[in-house]
Amino acid sequence: MNKDKLKPMLFSTLKSYTLKQFGTDVLSGIIVAIIALPLSIALALASGVGPTEGIFTAIVAGFIISFLGGSRVQIAGPTAAFATIVAGIIAKSGMDGMIIATVIAGIILIIMGLFRMGSLIKFIPYTITTGFTAGIAVTIVIGQFKDFFGLSYPAGTATIETLDKLKALVHNFGTFNPYAFLVGAISLAILIIMPKISEKIPGSLVAVIAGVLIVKFSGMNVNTIGTLNSALPTLHIPEVSFKAIRSALPDGFTIAVLAAIESLLSCVVADSMINSHHRSNMELIAQGCGNIGSALFGGIPATGAIARTAANIKNGGRTPVAGMVHSLVLVLLLVVLMPYAALIPMPTIAAILFIVAYNMCQWRTFVHLCKTAPKSDVLVLTITFVLTVIFDLVIAIEVGMLLAMLLFLKRMSEESGVVGWKYYDPDEDPDGMNLKPLPPQVRVYEIYGPMFFGSSSQIDTMNYRDETRVIIIRMRGVPALDATAMHSLENFYDRCHEHGITLVFSHVNEQPLNTMKKDGFVEKVGEDNFRPHIDDAIEWAESLIK
C-alpha cells in the first residue's frame with residue numbers, strides 16, 4: 001500500500017468491506033458517540049463557547065475527516081489541545097475571528113497535504129510536543145478550578161491568561177461553594193473508579209448522569225450548563241475583510257500546526273494498535289476540509305482525538321465507517337438529549353476536564369525525559385512547558401523550535417572536525433610502524449562530520465609548512481557540505497595556490513562532490529586531483545612532487 005497517495009482510506013477499505021464489519025463499525029460508532037458527547041460539551045465550555053458548538057464540531061468535522069481521511073480508524077472532534085487557544089482567540093477577536101482563523105488553518109492544512117508535507121511533522125522534536133502538551137494540560141486544570149470549587153468572580157475579572165486565572169482564583173476563593181465541590185468530588189471519584197470496574201461503560205457518561213441526578217433531586221445550589229439549543233448545525237459566513245484576515249493569520253497558522261501534529265500523532269498511535277499505515281498527506285487534506293466545515297457550521301477547531309480513536313479500535317472499528325456513524329449518532333443525541341444536557345452541573349464538567357488533562361499531560365514521560373535526556377533536551381522541554389503555561393502555545397513553539405535548532409546546530413558542530421595526520425620517521429620512531437609513510441612535502445588532513453556554517457570555521461585550522469607542496473584532504477567522513485563550508489574550502493584553495501601548493505581530495509562522498517561540481521570547484525582544482533582512496537591520493541601526491 002502506498003502510504004503517500006492522495007486517496008481517502010474509505011475508498012480503499014470499501015473494496016473488501018463485509019456486512020460483518022459494517023455491524024462492528026456501527027456498534028463501535030455508537031459507543032464512541034456516547035463517549036464523545038460529554039467530552040465535546042466539556043471541551044467546548046473550556047474553549048469559551050457553548051456546549052452545542054462542541055457537538056457541532058464532532059458532527060461536522062468528525063464526519064468529513066472520517067470520510068476523506070487517510071486513517072482507517074481516526075476519530076476527530078474537539079480536543080483539549082485547542083481549548084486555551086480557542087478561548088484566547090474568542091476573547092480577542094470574537095466568534096467571527098475564530099471562524100476566520102479556523103478556515104485559514106483549514107486552507108493551510110490542505111496546502112500542506114497537497115504539497116506532501118505530512119512527513120515534515122517528524123522534524124518537530126519530541127521534547128517540544130511533550131512540553132506544550134503538558135503545559136496545555138496545566139492550563140486546562142487551572143481554568144477549571146473556578147467551576148470545581150463553585151467560585152464567583154466579579155464582573156470584569158480578567159481570566160484570559162493563565163496567571164490571571166490563578167490571581168482571580170486566589171482573590172475570590174472566599175466565594176467557595178461546598179455543594180459545588182461535593183458534586184465535583186463525587187464526579188471525579190466516579191471518573192477515577194469506573195475504568196477499574198468496566199472499560200465498556202464510559203466513566204464520563206456515568207459521572208454526567210450522577211451529577212444531573214444529584215443536583216435535580218437534592219436541591220443543591222450548583223451552577224449547570226443551562227438552556228441549550230437542539231437545532232442542527234447551519235451555515236454561517238462571517239464578515240470577512242483584509243484586516244480581519246491579517247489579524248487572524250497567526251492564529252490560523254497556530255491552529256494548523258497543532259492540528260497537523262495532533263492528528264498525525266494520533267494516526268501513528270492508531271497504526272501501532274492495528275498494524276496498519278495511514279496516509280499522512282491525505283489526512284492533512286481531510287483535517288483541512290474538516291476544520292473549514294466545522295468553522296462554517298458553528299463549530300470550533302478539530303483534530304484527531306487519541307482517546308476516542310483508541311476507544312474506536314478497542315470496540316472493533318476498523319474502517320472510516322465507524323467514525324461517520326459516530327457523527328450521525330451524535331446528531332440523534334443532539335436532538336433527543338439536549339434538553340436534559342442543560343441539567344449537567346459545571347463541577348462535573350470540570351471533573352471531566354481534570355481527567356482529560358491528566359490523560360494528556362504525559363507526566364511520566366515528562367519526568368522520564370528530565371531524568372534521562374541530555375541537558376539541552378531537558379532545557380527545551382522545560383522552556384516549552386513554562387512558556388505554554390505563562391504565555392501561550394504560539395510563543396512556546398516558536399521559542400522551543402528556535403532553541404532546539406540552535407542546540408542541534410551546536411551538537412552537530414561538535415561532531416565535526418579536522419585532524420592532521422601524525423608525522424614520523426620510520427628509522428627513528430619504531431612505534432609508528434602502523435602509520436603510512438609520507439614524504440615531508442605532503443600533508444594529510446582528515447575532515448569528519450557534516451561541514452556546514454556551524455562548523456566550517458574548522459577548515460581554517462588547516463595549515464602547511466615551508467616545504468609543503470601537496471595537501472591531501474580526506475573526506476570519507478563528510479556526509480554533507482553546505483555553501484559556507486564550500487566558501488571556506490575555496491579560500492583555503494586560494495591560499496594554497498598562492499604558495500604553489502596543490503590540493504588533492506580523497507574519497508569525497510556524493511553530496512559534497514555534487515556541491516563542488518555545481519560550484520565549479522572540481523574544475524578549478526582539477527578532476528585528476530580527486531582520488532577515490534587515500535592510498536591512491538598518496539601515490540598521486542608523490543607523483544606530483546617528483
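Reply: Among the elements of the chain, helix α16 (residues 393-414) has the lowest mean pLDDT, 88, whereas helix α10 (residues 280-296) has the highest, 97; pLDDT is the predictor's confidence in each residue, on a scale from 0 to 100. Residues are numbered from 1 along each chain as its sequence is written, and side-chain values use heavy atoms, with hydrogens and water left out. For the chain as a whole the mean pLDDT is 90, with 96% of the residues at 70 or more. Where pLDDT is low, the predicted coordinates should not be read in detail.

Side chains of opposite charge can pair when their charged atoms come close. Lys410 is partly exposed because its relative accessibility is 47%, given that buried means under 20% relative accessible area, exposed over 50%, and partly exposed in between, with a 1.4 Å probe and protein chains only. Met412, also in helix α16, is partly exposed as well, at 24% relative accessibility. From C-alpha to C-alpha, Met412 is 51 Å from Leu205 in space, and the two are 207 residues apart in sequence.

Helix α16 also takes part in a pocket. It is one of the elements that each supply at least two residues to the lining of the second largest pocket, the others being α2 (19-46), α4 (83-114), α5 (126-148), α6 (162-171), α9 (242-274) and α13 (346-361). A pocket here is an open set of points on a 1 Å grid over the protein atoms alone, where a 1.4 Å probe fits, with protein on both sides within 12 Å along at least five of seven lines, and lining residues have an atom within 4 Å of a point. The space in this second largest pocket is about 960 Å³, a volume being the space filled by probe spheres set on the grid points, which are joined across faces, edges and corners. Its lining holds 40 residues, and Ala87, Gly88, Thr159, Ile160 and Lys165 lie nearest the centre. By class, 22 lining residues are nonpolar, eleven polar and seven charged; Ala, Val, Leu, Ile, Met, Phe, Trp, Tyr, Cys and Pro count as nonpolar, Asp, Glu, Lys and Arg as charged, and the others, Gly among them, as polar.

Glu446 and Arg474 meet in one of them at 3.4 Å, N to O. That pair links distant parts of the chain, with Glu446 in strand β4 (residues 442-448) and Arg474 in strand β5 (residues 470-477), 28 residues apart. Glu446 is buried at 14% relative accessible area, and Arg474 is buried at 12%. These two residues and Arg476 are linked in a network of salt bridges. Glu467 and Arg465 form another bridge, with their closest N and O atoms 3.8 Å apart; Glu467 is partly exposed at 34%, and Arg465 is partly exposed at 40%.

Finally, to return to α10, 15 of its 17 residues are buried, and the helix is mostly covered. Its end C-alpha atoms are 24 Å apart, which agrees with the 24 Å that its 17 residues should span at 1.5 Å a residue, where the expected span is 1.5 Å times one less than the number of residues. After α10 comes Gly298, which has a positive phi near 85°.

Note on methods. Predicted model: local features only at pLDDT ≥ 70, side-chain atom pairs only at ≥ 80, totals over all residues. Helix = DSSP H or I, 4+ residues; strand = E, 2+ residues; numbered from the N terminus. Salt bridge = Lys/Arg side-chain N within 4 Å of Asp/Glu carboxyl O.
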